[in-house]
Amino acid sequence: MSMLLELESFLKKDQIKADEESLKYWGKDWTTYFDVKAAAIVFPRSVDDVVALVKWARQSKVALIPSGGRTGLSGSAVATQGEVVVSFDQMNKIKDFSPVDQTVVIEAGVVTETLQEFAHANQLFYPVDFAAAGSAQMGGTIATNAGGIKVVRYGLTRDWVAGLKVVTGTGEVLELNNGLVKNATGYDLRHLFIGSEGTLGFIVEATMKLAPQPPPMKVLVMAVSGLDAVMKIFAQFKTKTGLVAFEMFSDKALKRVLENTGLPAPLETEAPFYVLAEVETRNDQEEEKALEVFGHCMEESWVLDGVLSQSDVQAATFWRYREDISESLAKYSPYKNDIAVTISKVPPFMEDLDKVLSQAYPTWEVVWFGHIGDGNLHINILRPAGMTKEEFVKECRKVDILVFEAVKKYKGSISAEHGVGLTKRSFLNYTRSEAEIELMRGIKKLFDPDNILNPGKVL
């Protein structure tokens, strides 16, 4: 009770929640394997509120957990030790827009889809896109350097952040880069906070770059003969078309989507893997070029069957075969791994990893999909019927080591876009050297000397 009274000394009562339902709702993200234990949920409405919260937490030795749309899959936004959760739901204003600079200043709680819609209404485009765009908040996507489906063409969130306003663990407000295109004045601290998962400071505002609206797009869905063909197809589309996205999913993934959604199968031909490619088609010549590349892939027997979208509605349906996978698997409480290697190493890496998983889970269903165009793979192990959550997680974590050994062999990343959080903290050394980790600890200590910002995450 004393904590709530202290919070009420600088926040309004309607900015604080401590009932059991709220603690469970705001105290977790999309990970399902952690026990939630939050002390309170607070809803700042201004930068001054965030500064007051951090200064209070520092004095009171209370840990703070940043919370956005809570769509993360690494446990970064989970409260497990009686922390106070700082939700940015009420800091959701779109502020200054500059059509000349093609930038917009937003608060951390702006939902990604809202920013996309704002850009579209102003004849511009915010290109970072992913299945959770309708609920993921921009502060969180910046703090995890979200990638998504268009990285091949447009890059990561990091590439679209022109400036940040952050509150550090000392309560200091930093304005980083101020939206400048050129700024050769030493270290660009903005990039330390992008991908830091709220461990160095709270992102409260961001200046985001916007792009010109894209040309018309066409989507191809292709049945692929095998893993070795996937990168050959990618190389053809990457070098000969305006490729925007290149996604792969297995027959098991497609089967679960069809069962869950009732959608018709995209093709008559069945295959072990499928590829979805989105290409720019400014004119008939570019569409013809895409079909020419598709035809070549058919002639080489890399592609067994395929179809090109004939309307925006059909293109959206084709995307559902890929984007509805996670939702279709949710009822099986899948154990997820989000990993990456350089693009050229994807086929041999997948073959090695498939052997590891087949040996480890001979009777379990393992579902593959991923952003093959940027080397990012998603592994989903479905929980067998009758197995408890605790037993399932215990078994999966045994094989994590084998998976990450394969990642290390190929000099890849144990987390491509979901972050480290709680789930992969103990495996960070498979991707980062001890020297790097020590430097990261030093940076953490500098910005958050009392370890009150998302403690226990990442490091």
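**Group meeting: helices, loops and a few buried residues**

Helices (H or I, at least four residues) and strands (E, at least two) are DSSP runs, numbered from the N terminus.

Quick housekeeping. What you're looking at is a predicted model, where local features need pLDDT of at least 70 and side-chain atom pairs count only at pLDDT 80 or more, while totals for chains, interfaces and linings use all residues. Residues are numbered from 1 along each chain as its sequence is written, and side-chain values use heavy atoms, with hydrogens and water left out.

Back to V78. Is it buried or exposed? V78 is buried, with a relative accessible area of 1%. Buried here means under 20% relative accessible area, exposed means over 50%, and partly exposed is in between (1.4 Å probe, protein chains only). Leaving out residues up to four places away in sequence, V78 touches G27, K28, D29, T31, F34, I65, L422 and K457; a contact is heavy atoms within 4.5 Å. As for D14, 64 residues from V78 along the chain, the two C-alpha atoms are separated by 22 Å.

Now helix 13, residues 346–360. Which residues of helix 13 are buried? They are V346, P347, F349, M350, L353, V356 and L357.

Who makes the contact? From helix 13 we have F349, D352, L353, V356, L357 and A360, and from helix 14 V399, L402, V403, A406, V407 and K409. Those residues divide into ten nonpolar, no polar and two charged. For the record, Ala, Val, Leu, Ile, Met, Phe, Trp, Tyr, Cys and Pro count as nonpolar, Asp, Glu, Lys and Arg as charged, and the others, Gly among them, as polar.

Next, helix 8 (residues 227–240). Its 14 residues reach 21 Å from first C-alpha to last, close to the 20 Å expected. Its buried residues are L227, A229, V230, M231, I233, F234, Q236 and F237. Among the elements covering them are strand 12 (217–224), helix 10 (284–299) and, again, helix 13.

Most residues other than glycine have a negative phi. N177, though, has a positive phi, near 80 degrees. N177 lies in the loop between strand 9 (173–176) and helix 7 (190–193), and at 9% relative accessibility it counts as buried. S333 also has a positive phi, near 45 degrees. You'll find S333 in the loop between helix 12 (325–329) and strand 16 (335–340), and at 19% relative accessibility it counts as buried.

How values were computed
The expected span of a helix is 1.5 Å times one less than its number of residues.
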